[in-house]
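Student: I would like to learn how to read helix packing. Can we work through a case together?

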Amino acid sequence: MRTTDLETRMREREWFHSLTLLPGAWAVVRVDGRGFSRYTESRFEKPFDLRFSELMTGTARVLLEELGGRYAYTESDEISVVLPPGFDLFGREVEKLVSLSAGIASAAFTSAAGEVAVFDSRVWMGTGLGDVLDYLSWRQADATRCALNGWCYWTLRKSGATPRQATRALEGTTTSDKNDLLHSHGVNFNEVPAWHAAASACGGRPTRRPATTRSAAWT
Ligand SMILES: Nc1nc2c(ncn2[C@@H]2O[C@H](COP(=O)(O)OP(=O)(O)OP(=O)(O)O)[C@@H](O)[C@H]2O)c(=O)[nH]1
Ligand SMILES: [Mg+2]
């Protein structure tokens, strides 16, 4: 077999290599901590820890700069970086974008935290700025929902409930039920620090604000 034949056949099997972001599309790359439920359990305060939040915003800043993105948004263990239609790093190759963003986030977080932490990555695409704003509203709504759940769960746990009791107590509850539960423990969810209830953003601002107004803008 000639070497060039082998080369051609093997290159053809790099099946996903030619996959690129669609020309002219907005994109968001989202990295997410791998197994962070377990990783955070013994290392950071529940449900929210300022040092963890600072590690995530530091990682978001590095990712934004390395990718040359327009805007970065972080909540919980995830970071979204908005890439404008003109983004042309790595020839817009999806494999490179996904693997390098996960690598950059893992390296930045690990180096700041002083121990190994790993991120996965995925890509979202939108047809216009409106789509991107909807995407950010979606992640912000997720942040607020998770924060309310986290506050309720850990308020119950800290007042003596077992994990099973706390989970059971929250099953089937509405947002209003959860707010009432917190009130009965002397917590007003509207007054918890913004970085608990929403997220942090860095880079330029979107032209229309996401649905809720509790993100800590950071430029
Ligand atoms: N202690 C602590 N945990 C946090 C904080 N912020 C986020 N987390 C935790 O990070 C985890 C993120 O959850 P997921 O991304 O859904 O789950 P995961 O365990 O990372 O699993 P995969 O993402 O599927 O690998 C949740 O368990 C959160 O409680 C924080 O400030 N303090
Ligand atoms: Mg995760």
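Student: At what angle do helix α3 and helix α4 pack, and how far apart are their axes?

Tutor: Two packed helices are described by the angle between their axes and the distance between the axes. Here α3 (residues 50-67) and α4 (residues 94-113) pack at about 140 degrees, with axes 9 Å apart. That makes α3 oblique to α4. Angles under 35 degrees count as roughly parallel, over 145 as roughly antiparallel, 65 to 115 as roughly perpendicular, and the rest as oblique. Axes are lines fitted to C-alpha atoms, for helices over the stretch in contact; angles run from 0 to 180 degrees between N-to-C directions. Helices are DSSP runs (H or I, at least four residues), numbered from the N terminus.

This is a predicted model: local features need pLDDT of at least 70, side-chain atom pairs count only at pLDDT 80 or more, and totals for chains, interfaces and linings use all residues. Residues are numbered from 1 along each chain as its sequence is written, while chains are lettered from A and ligands numbered from 1 in the order in which they are written.

Student: At what angle do α5 and α7 pack?

Tutor: Helix α5 (residues 129-158) and helix α7 (residues 175-184) pack at about 40 degrees, axes 10 Å apart. They are therefore oblique to each other. Leu148, Trp151, Cys152 and Thr155 in α5 meet Thr175, Lys178, Leu181 and Leu182 in α7.

Note on methods: Helix = DSSP H or I, 4+ residues; strand = E, 2+ residues; numbered from the N terminus. Contact = placed C-beta atoms within 7 Å.
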